[in-house]
Amino acid sequence: MSTGLQNTGGTPLMSDPELVVAISKLVAALPGVTEKKTDSHVTFLVGKKVFAFTRGGGGRGVVLKLPQDRIAELLQREEISLLTMGKRTMKEWILLDHDRPASYKKDLGLFKEAMAFVSSGSRTKSKQQKSVGR
């Protein structure tokens, strides 16, 4: 079952190809970054951990994983919003949505922050509390 938009052939639509190329070029020089392409989106990893992905289903923007306190600061920016998947708002994921793929260059620092965050092994408070109770 696919939740993304589909073309007339029934396959999920890929993220904006220009966006995928721009983001791939932007993060390619960062140490340890790999990318995994699917039919509908591209996921960017450091080690085995996802720090960013493009939106599938023909959606725009790039999703980044960052600490909640940093997200609170970033939500002041017009091009940043919380990521909602279905009815669930994700606490550590933001959607960065620029009008032009080239505009993402100015946010290279956010990509680096997302990489550092997932690399640090940081866990959310709720996950830490659950593991203490085991």
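## Strand contacts and cores in a predicted model

Leaving out neighbours within four places in sequence, L95 touches R55, R60, G61, V62, V63, E79, I80, S81 and L83. The model is predicted. L95 belongs to strand β6. Its relative accessibility is 9%, and because buried means under 20%, L95 counts as buried.

Strand β6 is part of an open sheet of 6 strands, in the order β1-β2-β3-β4-β6-β5, with antiparallel pairing. Which strands stand at the edges? They are β1 (33-37) and β5 (80-85); each has a single partner strand, so one side of each is left without a neighbour in the sheet. From one strand to the next, the twist averages 35 degrees. In general, the strands of a sheet pair through backbone hydrogen bonds, in either a parallel or an antiparallel sense.

| Strand pair | Sense | Bridges | Residues joining the strands | Opposite residues |
| β2 and β3 | antiparallel | 4 bridges | 2 residues | L45 and V50 |

Strand β2 covers residues 42-46 and strand β3 covers residues 49-54.

**How β2 is enclosed**

Is β2 enclosed or open to the outside? In β2, 5 of the 5 residues are buried, so the strand is largely enclosed by the rest of the structure. Both of its faces are covered: V42, F44 and V46 are buried on one side, and T43 and L45 are buried on the other. Helix α1 (residues 17-28) lies across β1, β2, β3 and β4 (62-65), and α1 runs at about 10 degrees to β2.

**The nonpolar cores**

The largest nonpolar core has 27 residues. Inside this core, the residues with the most contacts are I23, F51, V62, L64 and F111. Two or more residues come from each of α1, β2, β3, β4, α2 (68-74), β6 and α3 (108-119). Which element gives the largest share? It is α3, with 6 residues. Another core lies apart from the largest one; it has 6 residues, among them F53, V63, M90 and L95.

**An aromatic pair**

F53, one of the residues of that other core, is also part of an aromatic pair. A pair of aromatic rings is described by the distance of the centres and the angle of the planes. The count of such pairs comes to 1. The rings are those of F53 and W93, with centres 5.6 Å apart and planes at 55 degrees, so the pair is tilted. F53 lies in strand β3 and W93 in strand β6 (residues 88-96), so the pair ties together parts that are 40 residues apart in sequence. Both F53 and W93 are buried.

Technical notes
Residues are numbered from 1 along each chain as its sequence is written. This is a predicted model: local features need pLDDT of at least 70, side-chain atom pairs count only at pLDDT 80 or more; totals for chains, interfaces and linings use all residues. Side-chain values use heavy atoms; hydrogens and water are left out. Two strands pair if DSSP finds at least two bridges between them. Axes are lines fitted to C-alpha atoms, for helices over the stretch in contact, and angles run from 0 to 180 degrees between N-to-C directions. Contact means heavy atoms within 4.5 Å. Rings of Phe, Tyr and Trp (its six-membered ring) pair if their centres lie within 6.5 Å; planes under 30 degrees apart count as stacked, over 60 as edge-to-face and the rest as tilted. Buried means under 20% relative accessible area, exposed over 50%, partly exposed in between (1.4 Å probe, protein chains only). A nonpolar core is a set of buried Ala, Val, Leu, Ile, Met, Phe, Trp, Tyr and Cys residues joined through side-chain atoms within 4.5 Å.
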